[in-house]
Amino acid sequence: MTEAWRPDDEDERRGAIGPVKVRVPAKVNLHLGVGPLRRDGYHELNTVYHAISIYDELTARRGDTLALTMEGEGTGELALDDTNLVIRAAHALAGYAGVLPHARLHLRKQIPLAGGLAGGSADAAAALVACDALWGTGLSRDELAGIAADLGSDVPFLIYGGTALGTGRGEAISPVLARPTSWHWVVAIAEVGLSTPTAYRELDRLRDSGAAGAPLGSTDALLGALRQRDPRVLARTLGNDLQDAALAMRPALAATLKAGEAAGALTGIVSGSGPTCVFLAAGAADAERIAAELTAADVCREARVAHGPVAGARVG
């Protein structure tokens, strides 16, 4: 029988003895410009990420194996084995740092599955930050983001949070510098998720057939609007090339978008690959009212209020 691993004195000094708790936000894309398909199978992206106050929470404890449990959104649907991004992130960090991948991980999930809010990517970012603290590997945010880039296009952004420009396949992150402003959002969550790869294939099909709208151009107008701190100005600059694909696959989303704008939202767009719709509100009170009206209209499973930008994955 193999002897169970126990931390020695050096392990105790290097890492956390007690549990490490990390909170990580969801993301929306304020601008999602989708370019041509690349040779590596990804599309070239030009996007502006924005972290919002809907959170998952990951707790990491010492253990003699690597194991994951969960509660909340997706329980019973999400695999907890080596295909899960949390487990993959822990293995990636352990391999990079040369430590044993031993931890007991527990995920409390509020970000919906396959919702266009990067819930899986958020959880991978949380695992990197939590295991770095637990194991005492002492990596910088930039080093963690480098590991994150191999796990998924959105994962590096969730290490940093805030608002940032993403290029390449979305993994190359540049922070957006703007005066501090809190933007208020209503997040309309659909009953059933959509597959991100399927959404990209549908966009390619629509473009090949001439049925897609004109591709988004530069992010310059949106970046300028962020600096003006006026939600009405920002509303005119939001856009998502994947929205055509999401609406083609889930036509009922058109009713959700229409209901949000009828309730007084400044604008509404599909988030990422969908099917979550996000609405920009003029302020916190407007967001609460719009969420209540969307719920009453029965055009989504749930409507939540959120604000942004917020920090990425953080211990605490």
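**Close-up views of a predicted model**

View 1. Thr267 lies in strand β9, which spans residues 267–270. The model shown here and in the other views is predicted. Thr267 has a relative accessibility of 14% and therefore counts as buried, the cut-off being under 20%. Leaving aside residues up to four places away in sequence, Thr267 touches Ala235, Leu238, Glu261, Val278, Phe279 and Leu280.

**View 2. The open sheet that contains β9.** Four strands make up this sheet, in the order β9-β10-β7-β11, with antiparallel pairing. β9 and β11 (302–308) are at the edges; each has a single partner strand, so one side of each has no neighbour in the sheet. From one strand to the next, the twist averages 25 degrees. Between β9 and β10 (residues 277–281) there are 4 bridges in the antiparallel sense, and Gly268 stands opposite Phe279 of β10. Helix α10 (residues 253–262) packs on the sheet and touches β7 (183–189), β9 and β10. The direction of α10 makes about 10 degrees with that of β10. Helix α11 (residues 284–297) also packs on the sheet, where it touches β7, β10 and β11. The direction of α11 makes about 10 degrees with that of β7.

**View 3. Strand β4 and its two partners.** The side chains of β4 (residues 103–109) alternate between two faces. Strand β2 (residues 43–61) runs antiparallel to β4 and is joined to β4 by 5 bridges; Ala60 has Leu105 of β4 as its bridge partner. Strand β3 (residues 66–72) runs parallel to β4, with 7 bridges between them, and Met70 stands opposite Leu107 of β4. From β3 the chain passes through helix α2 (residues 85–97) to β4, a β-α-β crossover that is left-handed.

**View 4. Helices α2 and α3.** Packed helices can be described by the angle and the distance between their axes. For α2 and α3 (residues 119–135) the angle is about 40 degrees and the axes are 8 Å apart. The two helices are therefore oblique to each other, and the crossing is right-handed. Residues in the contact include Leu85, Ala89 and Leu93 of α2 and Ala124, Leu128 and Trp135 of α3.

**View 5. The buried residues of α4.** Helix α4 covers residues 141–149, and Leu144, Ala145, Ile147, Ala148 and Ala149 are buried in it. The buried residues of α4 pack against α2, α3 and α5 (155–160).

Technical notes. Residues numbered from 1 in each chain as written. Predicted model: local features only at pLDDT ≥ 70, side-chain atom pairs only at ≥ 80, totals over all residues. Heavy atoms only, no water. Buried < 20%, exposed > 50% of the residue type's maximum accessible area, 1.4 Å probe, protein only. Pairing = 2+ DSSP bridges. Right-handed = clockwise from strand over helix to strand, strands pointing away. Contact = heavy atoms within 4.5 Å. Axes fitted to C-alpha atoms, helices over the stretch in contact; angles between N-to-C directions. Parallel < 35°, antiparallel > 145°, perpendicular 65-115°, else oblique. Left-handed = near helix turned anticlockwise from the far one by under 90°.
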